[in-house]
Amino acid sequence: MVDYLIVGAGLFGATVARGLMDSGKSCLVIDRRHEIGGNCATTRLNGVVVHQYGPHIFHTNSAEIWRFAQRYCEFQAYTNTPKARTKSGLYSLPFNMHTFEEFWGITDPEAARKKIYREEAKPRPVNLEEKAVAMVGRELYEEFILGYTLKQWGRDPRDLPPSIIGRIPVRFTYDNNYYDHIYQGIPKDGYSALVANLLSGAEILLGIDYLLDRSRLDKMARHVIYTGSLDALCDFRFGRLPYRSITFDTQYMPQENFQSHAVINCCSLDEPHTRSTEHKHFSGKSSSCTYVTREIPCEYDGSNIPCYPINDHTNNELHAKYRSLVAGRERFSYGGRLAQYRYMDMDMVIAAAIKLAKKLNAKYA
C-alpha cells in the first residue's frame, strides 16, 4: 500500500506528488490518458516541441513559483505577443498602440482613448458584451471579440458572464507583451519533461480510468488526491457540469515557415478555428519542416476533452453542490482546474498544489 493515490498526471497532480515525496511519502500516480502532462502535454516531432493541447506560456509574478519550476527544467525566455486575424487584416495583440495604429492609423494615445470610449459604457456590465464594449469600445469589440467569442463559447456574448473577458489587457502604450508578469518562459524540452521530472520517484500507471475501478484503487492507498471533474466522481447526481472542448488539428508541413508567428487568434466567423499555433516559433530554432495546430471549439459531451469551464452563476452553483457532496469524505482531497471548475494559470495550479502538499504533510506528520 502506498501513502497517496493521485488521480491525474497533469501539472497539479505532479506538483502535489513532488511535495509529498520530498517529505518521504510514497505516491502512485494514475491517468486515464496514455501520457503524462494533462492539457499541457508536449511531444517532440522532427526536433520541434509541439504543444499538443494548445500553446502554454508560463508566466508569474511569484519568485517562489518561478524558482520552483526552474528546479525541474530549463526555461527559455519567451514573450507572448500573439496576433489577431480579422476580416480586415492582421493586427497586434493585446490591444495597445500598435493595434490602434494598425487598425485606425492613430498614434496619439488620447485620440485612441476618444475613439474607443466615444460610446458611454454601462457602469456595471452584466454580460461579456457589455464588459468588452466598456474595455475596448464597440468597433473593436465587433471586429476582434464578437466572432471569436461566438466560436469559442458557442453562445451569444450577452449570455456569458463578464468575468470571461477580464483577462485581456488594454494599453495606451506601444507594448505587445500579453502578460504583465515579471517572469515568463517556456520549458526548453517541453512541459511533459517538466512533469516527468516532478514525478521522478513516483509509481506511474497510464491508461487507467479511476472512475471505472475506484473501489479497488482506493484500497491501494491511505489517501486519495483527485484532480478530475467532481460531477463525474459523483456519478452526475445533480447533472453534468458544462465545459467547452477543443478539437486540435495538428498538421505537418514540409516547409520552413508557415505563418511567421507562434500564435494567431482567428477572430472572423469565416474561419472555423479560433487559434493557429506554429510551434517552432516558441524556440526560434530553424528546421526544414514545421507543425501547425488549429483549434476548433466544440461542446463537451463527456467523450472529448473538457477544456474551459463555463463559469456563469448557474454552473458555479452546480459545482458548489458537488463540493458539498465530497466535503465529508475521509482521506480524500481534490484540486486542479477540473476539480475546482475554474480556469487557472499554471503558476496558480502549482501554488495550489504546493499548498495542498504542505497541508497534508502537516496533517500526517
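1. Surface. The chain exposes about 16,800 Å² (Shrake-Rupley method, 1.4 Å probe). Carbon and sulfur atoms supply 48% of that area.

2. Basis. This is a predicted model: local features need pLDDT of at least 70, side-chain atom pairs count only at pLDDT 80 or more, and totals for chains, interfaces and linings use all residues. Residues are numbered from 1 along each chain as its sequence is written, and side-chain values use heavy atoms, with hydrogens and water left out.

3. Overall size. The C-alpha trace spans about 65 × 50 × 35 Å along its principal axes. A compact globule of 365 residues would have a radius of gyration near 21 Å, and the chain agrees with 22 Å. The radius is taken over C-alpha atoms, and the globule rule is 2.2 Å times the number of residues to the power 0.38.

4. Elements. The chain holds 11 helices and 17 strands. These are DSSP runs, numbered from the N terminus: helices are H or I with at least four residues, strands E with at least two.

5. The largest nonpolar core has 56 residues. Such a core joins buried Ala, Val, Leu, Ile, Met, Phe, Trp, Tyr and Cys residues through side-chain atoms within 4.5 Å. Leu5, Phe100, Leu140, Phe144, Ile145 and Tyr210 touch the most other members. Helix H5 (residues 128-153) gives the most to this core, with 10 residues. A second, separate core of 47 residues includes Cys27, Cys40, Phe75 and Tyr178.

Technical notes:
Buried < 20%, exposed > 50% of the residue type's maximum accessible area, 1.4 Å probe, protein only.
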